Amino acid sequence: MVTAYDAPSARVAHEADVDLILVGDSLAMVVLGYDDTLQVTVDDIAHHTAAVARAKPNVVIVGDMPWLSFHINTEETVKNASRLVRAGAHCVKLEGGHKRVAAVEAILDAEIPVMGHIGLTPQSSNVMGGFKVQGRHVDSAVLLVDEAKALEDAGCFAVVIEGVPAEVGARITEALTIPTIGIGAGPKTDGQVLVYHDVIGLENRFKPKFVRRYGTAFDDQAASLSAYAADVRSGAFPGPDEVYAAKDDLTEALGLYGSGANSTS
Ligand code: KIV
């Protein structure tokens, strides 16, 4: 699974043969420029889910339920999940364990498949004291296994496990019959998820330990733009092959003598 937030990245994900696209609330940080994920709204996720869906990628599209979209009451939770489905998501993901069982059940009752998300859940960063690895000690590790089982029992079809020691990722995966998808949870989860901009190297500022960059998109794109700017400044762009041909000889008619704009090819 990889995140994607717009039509071009959805087309790339399709071409790359990934299994699932997550329109994640990481949108807030990697695309919209916020410092955390708490600022992103259902409108934002729906807008970007629709852009992804319009590219018609042949993959499962997961719409991420943002903070406060499933915390208030069941009715709002189901309405918010349905908005993401109407925008093009096939299913939704939400953060949290035991506390979120009622939300999971209500969404499932509306025939929308749900993916769980436990461990380092960024929407809880203020109560976790920051973006901190979870489950490092026996008690908290055992609790995470329980949380995962509660989500499986509630009917989740898969669970994302984020920011836990590799042993905990492995133990949760062993304990569940549904697939686990890890991010910073070691190699023993059933699948992996990374943020698109991290994978292609478009995010080049902060590199979390668990990220592997497979490309140098930031540098490549900056090099392309800088070559373009240099060509514009030197007059090398546009060249003779990059202009439209006139049907008649317009040079004289338009009084363009001396301007150099006389291409009729
Ligand atoms: O929003 C997101 O990108 C996520 C992944 C990190 C799992 O929730």
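Colleague: Which helix gives the most to the lining of the second largest pocket?

Modeller: Start with how space is found. Rolling a probe the size of a water molecule over the atoms shows where empty space is left. A pocket here is an open set of points on a 1 Å grid over the protein atoms alone, with protein on both sides within 12 Å along at least five of seven lines; a cavity is a set where a 1.4 Å probe fits but cannot get out, and lining residues have an atom within 4 Å of a point. Now the case: helix 7 gives the most to the lining of the second largest pocket, with four residues. Helices (H or I, at least four residues) and strands (E, at least two) are DSSP runs, numbered from the N terminus.

Colleague: What kind of model is this, and how are residues numbered?

Modeller: This is a predicted model: local features need pLDDT of at least 70, side-chain atom pairs count only at pLDDT 80 or more, and totals for chains, interfaces and linings use all residues. Residues are numbered from 1 along each chain as its sequence is written, and side-chain values use heavy atoms, with hydrogens and water left out.

Colleague: How does the lining of the second largest pocket divide by class?

Modeller: It has eight nonpolar, twelve polar and four charged residues. For the classes, Ala, Val, Leu, Ile, Met, Phe, Trp, Tyr, Cys and Pro are nonpolar, Asp, Glu, Lys and Arg are charged, and the others, Gly among them, are polar.

Colleague: What is the volume of the largest pocket?

Modeller: About 1000 Å³. The largest pocket has 38 lining residues, and Glu162, Asp198, Phe206, Pro208 and Phe210 lie nearest its centre. Helix 2 (27-30) and strand 6 (158-162) each supply at least two residues of this lining. By class, the lining of the largest pocket has 19 nonpolar, eight polar and eleven charged residues.

Colleague: How many salt bridges does a search of the whole structure find?

Modeller: First the rule: a salt bridge is a side-chain nitrogen of Lys or Arg within 4 Å of a carboxyl oxygen of Asp or Glu. The search finds five. One of them joins Asp64 and Lys93, at 2.9 Å from N to O. This pair links distant parts of the chain: Asp64 is in strand 3 (residues 60-64), Lys93 is in strand 4, and they are 29 residues apart.

Colleague: Is Asp64 buried or exposed?

Modeller: Buried means under 20% relative accessible area, exposed over 50%, and partly exposed in between (1.4 Å probe, protein chains only). Asp64 has 1%, so it is buried. Lys93 has 2%, so Lys93 is buried too.

Colleague: How far apart are Arg171 and Glu174 in helix 8?

Modeller: They are separated by about one helical turn because they are three residues apart in helix 8 (residues 166-175). Arg171 is partly exposed at 41%, and Glu174 is exposed at 62%.

Colleague: Which residue forms a salt bridge with Glu203?

Modeller: Arg205 does, with the closest N and O atoms 2.6 Å apart. Glu203 is buried at 11%, whereas Arg205 is exposed at 66%.

Colleague: Where is the cis peptide bond?

Modeller: It joins Phe237 and Pro238, with omega about -5°. Phe237 lies in the loop between helix 10 (217-234) and helix 11 (250-253). Pro238 lies in the loop between helix 10 and helix 11 as well. Phe237 is partly exposed, at 35%.

Colleague: What is phi of Asp17?

Modeller: Near 65°, a positive value in a residue other than glycine. Asp17 sits in the loop between helix 1 (7-15) and strand 2 (20-23), and Asp17 is exposed at 62%. Leu68 has a positive phi of about 75° although it is not a glycine. Leu68 is in the loop between strand 3 and helix 4 (74-87), and Leu68 is partly exposed at 40%.

Notes:
Points joined across faces, edges and corners; volume = space filled by probe spheres on them.
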